[in-house]
Amino acid sequence: MATSRALAYLESRKNLWGSACGLLGLGLTLAGVAGTYWPAVVAGLYGAGALFAPPERTAPPPFPGPAEQLDLVREDLGRLRGYVAEVELPPAAEGKLSELLDLYAALLDPGWPAQVLAAEPEAVHALARAVRLDVPECVDTYNRTRWWTRLTPGGESPERHLERQLSLLSEEAERLAAELQDRDALRQQTHTAYLEGRREP
């Protein structure tokens, strides 16, 4: 423990700056400036260098990169599919939900779609939020509200709310897919313009 701390100090900025200033003190001694007080000059300059050295930089914690985040979202989508398979939903909502989850799966495909998605942090965040929060909340609130509606019938239909929520999430996912497609189309157009610019006059 003590040895590792000593080695860490030897590599620290304080020691490096102190050593540099101490060498300056030795240079002054050799030049005849420090005189008989040269040990105090060298020690003082070392201490000053160590004192004014910039603080050590603490490395930030290693967070998962976009590709790793997509792997986690892909796993969460699998868990979400298992969850909704156990829930009784009205046929129309079940069909909408199945299409929505298929669209999420296509966006998360480990091939080039995921590479395009990984380059867009906001898109990754939106997809993760939909899979981890929005869809489970839609299904869970539908189940709870449907139970209360059986006790007190006559209120607004939970089925209509669920279908509306799934429609909004589908529109959001389709917009996301269209934006990613537009980025790929722009990349293609940019490459065409680049190749055209290389033509000899």
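Q: Is the crossing of α5 and α8 left-handed or right-handed?
A: This is a predicted model, where local features need pLDDT of at least 70, side-chain atom pairs count only at pLDDT 80 or more, and totals for chains, interfaces and linings use all residues. Residues are numbered from 1 along each chain as its sequence is written, and side-chain values use heavy atoms, without hydrogens or water. A crossing is left-handed if the near helix is turned anticlockwise from the far one by less than a right angle, right-handed if clockwise. For α5 and α8 the crossing is left-handed.

Q: At what angle do helix α5 and helix α8 pack?
A: Helices are DSSP runs (H or I, at least four residues), numbered from the N terminus. Axes are lines fitted to C-alpha atoms over the stretch in contact, and angles run from 0 to 180 degrees between N-to-C directions. The axes of α5 (residues 91-107) and α8 (residues 158-197) lie 10 Å apart, at an angle of about 25°. That makes α5 roughly parallel (under 35 degrees) to α8.

Q: How many nonpolar residues are in the contact of α5 with α8?
A: Contact means heavy atoms within 4.5 Å. Leu97 and Leu100 are among the α5 residues that meet α8, whose side includes Leu166 and Ala173. Ala, Val, Leu, Ile, Met, Phe, Trp, Tyr, Cys and Pro count as nonpolar. The contact has three charged, two polar and 14 nonpolar residues.

Q: Which residue forms a salt bridge with aspartate 102?
A: A salt bridge is a side-chain nitrogen of Lys or Arg within 4 Å of a carboxyl oxygen of Asp or Glu. For aspartate 102, the closest N and O atoms are 3.1 Å apart, and the partner is arginine 81.

Methods:
Helix = DSSP H or I, 4+ residues; strand = E, 2+ residues; numbered from the N terminus. Parallel < 35°, antiparallel > 145°, perpendicular 65-115°, else oblique.
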